[in-house]
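Here is a protein model to explore together.

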Amino acid sequence: MSNKRDYYEVLGVGRGASADEIKSAYRKLALKNHPDKNPGDAEAERIFKEGAEAYAVLSDDEKRQRYDQFGHAGVDGAAGGGGFGSVEDIFSQFGDLFGGAGGIFEQFFGGGGGGRSGRRKGASLRVDLSLTLKEVATGAKRTVEINRPETCDTCNGTGAKPGTEPVTCSTCGGHGQVSVSQGIFSFRQTCPTCHGTGQIIEHPCEDCGGEGRKARKVPIDLSIPAGIEDGTAQRIRGQGEPGDRGGPPGDLVVVVRVEPHEFFTRQGDDLYAQTKIRFRQAVLGDSIEVPTIHDETVVLKIPPGTQPGTRLRIRNQGLPRVDGYGRGNLVVQVQIDVPAKVDTEQKELLEKFDELESKKKPQKGKKRGIFEKVRDILHGT
């Protein structure tokens, strides 16, 4: 069992807390235990990390749902669920989750996250990945190519022509921001000269035009877990755009799209299909073979007296659960295969059968069975 504290207990909220209540609770905890306000306090740093881990899970609807159902085991290995190695990891993670250079820390602490060293995390990139339902059942490994700005080999990312160096911006003194006064109010804004970089490139690199980076196609290897849902977004840390001034790279967000299947439909972890059986099989019962998502067949037992539309369940032939615990089921809906034409002998037998059935007087209020339903179909009523 995990020795971690309950995430709701960490933030001091109930299990039915709203997103705003969770955010507010984390804000109070983070403000109180922020490392800049508690230098050298190991316990405050531990609480700060613990709160960030809890917030990373409970602020994400999908992770929160898994946590509510499976506890810590449901989110281990997910972003936030596995913990944070350092305070800088927290700044990096939440800076992107909430947008902007400092993200949540810029909102809560006036730039404490992204502004600690003037570094800014790179932007995240997105790619849509199409999977077949069979790949969902087995998991998949894919390689995708993304257009991503990469560090310029000529200037090593400085943006300056080889043999030269960027110089400190004289307007902001290298801070990237300037103070502006309006009446009794004073506020800071991005330096209009260096645009927040704190540096001026007097002799731009000819290869990248002073940008310090060039767009390249980069192959990324992806490992998609079995059972993943359509629309799920997977975050691959560090595979987005590079950060500014040596800041950490952004993330690559992979959005999974599952293609429709010609035979199976999906509901959660269960697969649904339809199959046709003959009238005799419905009346007397039988064993038939039905396909599975793995291109194999399994035996489905048809009980005697099976009614049209009956759903029969084959256990553990659905999709794997994404948490790794068990599989869903295959649910087969049975339909009666009514022939469009019959020959003379078949017609005589059916009429004889209908005659025998009509001699049976159904009890008042008795539910109509398979014989009556098929007879109505054959007679067009």
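How many contacts beyond four places in sequence does the model have for residues 78-82, where pLDDT stays under 50? The model has 18 such contacts for residues 78-82. Keep in mind that you are looking at a predicted model. Residues 95-118 also have a pLDDT that stays under 50, and there the model has 51 contacts beyond four places in sequence. Where pLDDT is low, the predicted coordinates should not be read in detail. Over the protein chain the pLDDT averages 81, and 80% of the residues score at least 70.

Now for the overall picture. The protein chain holds 10 helices and 15 strands. It has 381 residues, and 37% of them count as buried. Among contacts with a separation of 6 or more, 62% link residues 24 or more positions apart. The accessible surface is about 22200 Å², with 47% of that belonging to carbon and sulfur atoms.

Strand β9 spans residues 252-258 and is mostly covered, with 6 of its 7 residues buried.

| Strand paired with β9 | Bridges | Direction |
|---|---|---|
| β1 (residues 125-131) | 7 bridges | parallel |
| β8 (residues 233-236) | 4 bridges | antiparallel |

You can find these pairings on screen through individual residues. L131 stands opposite V258 in β9, while I236 stands opposite L252 in β9.

Technical notes
Residues are numbered from 1 along each chain as its sequence is written. This is a predicted model: local features need pLDDT of at least 70, side-chain atom pairs count only at pLDDT 80 or more; totals for chains, interfaces and linings use all residues. Side-chain values use heavy atoms; hydrogens and water are left out. Helices (H or I, at least four residues) and strands (E, at least two) are DSSP runs, numbered from the N terminus. Buried means under 20% relative accessible area, exposed over 50%, partly exposed in between (1.4 Å probe, protein chains only). Contact means heavy atoms within 4.5 Å. Accessible areas come from the Shrake-Rupley method with a 1.4 Å probe; for residues, only the protein chains shown count as cover. Two strands pair if DSSP finds at least two bridges between them. pLDDT is the predictor's confidence in each residue, from 0 to 100.
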